[in-house]
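Me: I am new to this structure and would like to learn how to read it. Please take me through a few features, one at a time.

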Amino acid sequence: MDLVFSSREETSRRLARLDEITAKFGNPFFITKFEKTHSAENIKKEFSALNPGETSGKSVSVAGRIMSIRNNGMFIDILDDSGRLQIFHNIKTLDVARADLLKLLDLGDIIGVSGLVRRTPRGEITVDAESLTILSKAVEPPPAKFHGLKDIEFRFRHREQDLAVTEKTRNTLRKRYQMISYIRRYLEDSGFLEVETPMMHTIAGGTIAKPFLTHHEALDMTLYMRIAPELFLKRLAIGGISEKIFEINRCFRNEGLSPKHNPEFTSIEIYQCYVDFTSMIELTEQIVSHVAMKLNGTMKLPFGDKEIDFTPPWPRKGMTELIREVTKLDLDKFPNADDALREAKKIGVLLEDGLCWGQIVEAVFGKKVEHTLIQPTHVIDLPKEISPLAKAWPDRPNVAQRFETYINGWELANAFSELNDPREQKARFLEQAEQKRGPDDPPHPIDADFIRALAFGMPPMGGLGIGIDRLAMLMTDSPTIRDVIAFPTMRPIVGKEAAED
RNA sequence: GACCUCGUAGCUCAGCUGGUAGAGCAUCUGACUUUUAAUCAGGGGGUCGCGGGUUCAAAUCCCGCCGAGGUCACCA
């Protein structure tokens, strides 16, 4: 049995047609180029003035995938990256060779066509083919002719087929990549320098998350796929490479999958010297509202049955203040962890013993408040205990100069006035290492290199991280993160042979 | 990792309390020829996710496994 090609009759028939095409017209896979003069969209624009039944005198060359064949090949719809276009083969003017080739075409094949543009009596802009070239043979047929694919698993495992037949997939993924491009251009125009930092770390730092492990053979050492780029970005800023830097790249976290979590995801982190976290609030609003306008032309976007209004400014509310509004519980009145734990239990948030006050606040917020924050909201005044890389307020030593932006109940952004006191940073790391975490989690390692870098003198600065995938979900009305990731993480299908081993 | 739901033709889906495996599209053959998901007639295509069990009889009931979706936990 062939492990690659399907054993379907359809496939052997297509392979036979490929052999016949090769014998009569040459091997299509030897072709290396085809000169396109127009895209489907260009033609529709350029010849929009043609009246029904009118033919232009202009010849064009187009290419794309065959999506539909009607009337025995008289009408063929091709799809290129701009859209669909109808090709016409007049049975009366066909030469024998072209008629022969036409019979050997299948849905999914890639063809190139040259001919005059006209508008048919029915009103469709059409290319009257004068020459036809098959540029690639689809040996396996496309899965669906009109309505796109519905099987979620099939779509993610075979994204190329999903893209070819599902318009919504094409639009969503294009918007995602355009969005990243708009963000990049916006920041570059604002004087930011895009930088790169390591994807493989010897210490998984910058946040708390379970890392993926890998191994370097030559150095015989464990490396961690990065969980955040933060510490390296700060080191670039310390060196003074630029006072405004950003990185758009992948992070990896060895944790559960969900509609808003994929093991690898894309974040942008931005650092700007000589500003505080309030400037990062403004930057967050600027970036998000900019891409909303660029991509959709409006600040009010539908998401499922909701409408989200991205028009800035967005309200800023304290974390304990929000908990009080939703649950009536004022955790600021219970600054002792044991008391806070007891009060949390009273409103139905059951937590294990040993958590610090900040972790309790965070947990209550997560359980009771998070899902209520549908419209964009900046949550400020986060506990210092859960913000080891943020400056605290001089007059409120337990409160970090930090915010998290919530939209549609999700954390979208996280930012602070970056801590730049090396002694304080060391103390915070030591404190963090003491904090209770999951039963199987190893103690959090301390990145001494980073503290030494701070000791070299880091200017005061604001830092910001935004979840790119989640922002793409919001911009494209996508209910799951896998819709906006071209190839989301999937379990492989174990073949029969492997199962028998 | 736990729980719930799902897995039937290439695709989208029917298939009731167990009784010979179905439709539309795709595909093939023929007809027709300025169509728009072309139309008309006919044909082929199935280990009903995989394995076991109950039964005279299993797509259907039971158990295990694989895969997926959802919820929870962890987290962004």
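Me: How many residues does helix 11 have, and what distance does it reach from its first C-alpha to its last?

Reply: Helices (H or I, at least four residues) and strands (E, at least two) are DSSP runs, numbered from the N terminus. The expected span of a helix is 1.5 Å times one less than its number of residues. Helix 11 (residues 357-369) has 13 residues and reaches 17 Å, close to the 18 Å expected at 1.5 Å a residue. This is a predicted model, in which local features need pLDDT of at least 70 and side-chain atom pairs count only at pLDDT 80 or more, while totals for chains, interfaces and linings use all residues. Residues are numbered from 1 along each chain as its sequence is written, chains are lettered from A and ligands numbered from 1 in the order in which they are written, and side-chain values use heavy atoms, with hydrogens and water left out.

Me: Which residues of helix 11 are buried, and what do they pack against?

Reply: Buried means under 20% relative accessible area, exposed over 50%, and partly exposed in between (1.4 Å probe, protein chains only). In helix 11 the buried residues include Trp357, Ile360, Phe365 and Val369. The buried residues of this helix pack against helix 9 (319-327), helix 10 (337-346), strand 15 (377-380) and strand 18 (402-407).

Me: Which residues are buried in helix 13, and why do they line one face?

Reply: The arc is that of the directions from the helix axis to the C-beta atoms. Phe450, Ile451, Ala453 and Leu454 are buried in helix 13 (residues 448-455). Seen down the helix axis, these buried residues fall within an arc of 155 degrees, so they line one face. The face turned away from the buried side carries the exposed residues Arg452 and Ala455. Helix 7 (230-239) and helix 12 (422-434) are included in what covers the buried residues of helix 13.

Me: What is found at the start of helix 13, and what follows the helix?

Reply: A polar contact is a pair of N or O atoms within 3.5 Å; within protein, one must be able to donate a hydrogen and the other to accept it, and residues adjacent in sequence count only if both atoms are side-chain atoms. At the start of helix 13, a side-chain oxygen of Asp447 comes within 3.2 Å of the backbone nitrogen of Asp449. Gly457, with a positive phi near 105 degrees, follows the helix.

Me: Is Thr284 buried or exposed, and what is it in contact with?

Reply: Contact means heavy atoms within 4.5 Å. Thr284 has its place in helix 8 (residues 277-296) and counts as buried, at 0% relative accessibility. Leaving aside neighbours within four places in sequence, Thr284 is in contact with Trp314, Phe403, Thr405, Ala413, Leu464 and Ile466. A polar atom of the Thr284 side chain also lies 2.7 Å from the backbone oxygen of Met280.

Me: How many residues surround RNA strand B, and which are the closest?

Reply: A residue is near a strand if one of its heavy atoms lies within 4 Å of it. RNA strand B is surrounded by 45 residues, the closest being Asn72, Arg122, Phe146, His261 and Arg482. The largest share of this surface, 4 residues, comes from helix 1.
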